[in-house]
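Please have your viewer ready.

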Amino acid sequence: MEPASASDEELLRIHTPAYIEAVKRAPDKGRAIVHPDEVEHGLGSDDNPVFRHMHEASAMLTGGSLTAARQIASGQARRAVSIGGGMHHAMSDWASGFCVYNDAAVAISWLLDNGFDRIAYIDIDAHHGDGVQQAFIDDPRVLTVSLHQHPATLWPNTGWSSEVGHGAAEGSAINIPLLPGTGDRLWLRAFHAIVPGAIGSFRPQIIVSQCGVDSHREDPLADLALTVDGQNAAFLAMRDLADEYSEGRWLAVGGGGYGLVRVVPRAWTHLIAAALGRDIDPMSPLPDAWRERVRDMAPSIDLPQAMGDGGDVDFPAWDGPGGAVEGSSEAADRALERVDSAIIATRRASFPLLGLDPEDPRD
């Protein structure tokens, strides 16, 4: 579907009038980066440099996610991908982390006004989905779940397990912070120890997924250690949750990912394939035409050979506090202990608020 640019009225679902006007005016300053004293609404900082047509481009990204939401709400599609979306750091009046308008939050707001009153947002970007969480922190109709690198080790330094929502929405925010170096098997262990139980309790009518792929082991801006295989396993797991609980309604958006040649094209090809129900064998070779195109553009880059990295996605299921994995090494036991500490901290903070037993692996 061809996206339509989001209107100011649609952006006002999340953003303030003053902020939208500031985005429109920002290119008039004629500089991408301004002096720190001149930064207005986060625009012109190192993370959010100003560029020509900043408002138009950002409104188009938001319009893409709105178009996807409308396709699902109208029944014309069960699954939709807005690959240019995922700008999850943008706040109501502040640009942040390369994000100008928060397309996911705008789409969720629109869905709330168009037939949906239980929406689950799952964010698997390496960075905490702070902007979406903040937009709905006191709205019990939206469950936000974020798996990310531990906030003590990575910007934006939020997303602690103790962040659970406010007031009547207490329990509607779930955060799973994981230490640097967490790879496929333990990342998937944490995902499956928390996300299916939370989704099953909340029973959303639609799942919105932010599918940033900066969790990859080669990403230059984060320190997790997933492979493309692990990322694909996460995509498929979210698709399965939508099939089980939301009659298949699944809106996936993009996000972070800075391995621009070796990682992002493969990972998001798997994402689009998952939405289309055309799952790709990770052992499949990269298309010859694509390899040749990349060689012409960047001959020094050593391309991977296949659509996967040979990652191990056969994760050990969490079986309660103090569980162990038979035959693991001392180093593996330490890594397992760290991940299980994160799992139980999040379950104890969030699960009782959802009516679940944090100690029971069946929940």
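The notes below cover the basis of the model, its cavity and some backbone features.

## Basis

This is a predicted model, in which local features need pLDDT of at least 70 and side-chain atom pairs count only at pLDDT 80 or more, while totals for chains, interfaces and linings use all residues. Residues are numbered from 1 along each chain as its sequence is written, and side-chain values use heavy atoms, with hydrogens and water left out.

## The cavity

A cavity here is a set of points, on a 1 Å grid over the protein atoms alone, where a 1.4 Å probe fits but cannot get out; lining residues have an atom within 4 Å of a point.

Among the residues lining the largest cavity are Tyr121, Asp123, His128 and Asn175. β2 (119–123), β3 (142–149) and β4 (173–178) each supply at least two lining residues; strands are DSSP runs of E, at least two residues, and helices runs of H or I, at least four. The largest share, three residues, comes from β3.

## Backbone features

Most residues other than glycine have a negative phi, and most peptide bonds are trans. The bond from tryptophan 155 to proline 156 is cis, with omega near 10°, and proline 156 is found in the loop between β3 and β4.

Histidine 41 has a positive phi, near 60°, and lies in the loop between α2 (17–25) and α3 (54–73). Glutamate 247 also has a positive phi, near 55°.

Note on methods: 1 Å grid on protein atoms, 1.4 Å probe; cavity = no way out; pocket = protein on both sides within 12 Å on 5 of 7 lines; lining within 4 Å.
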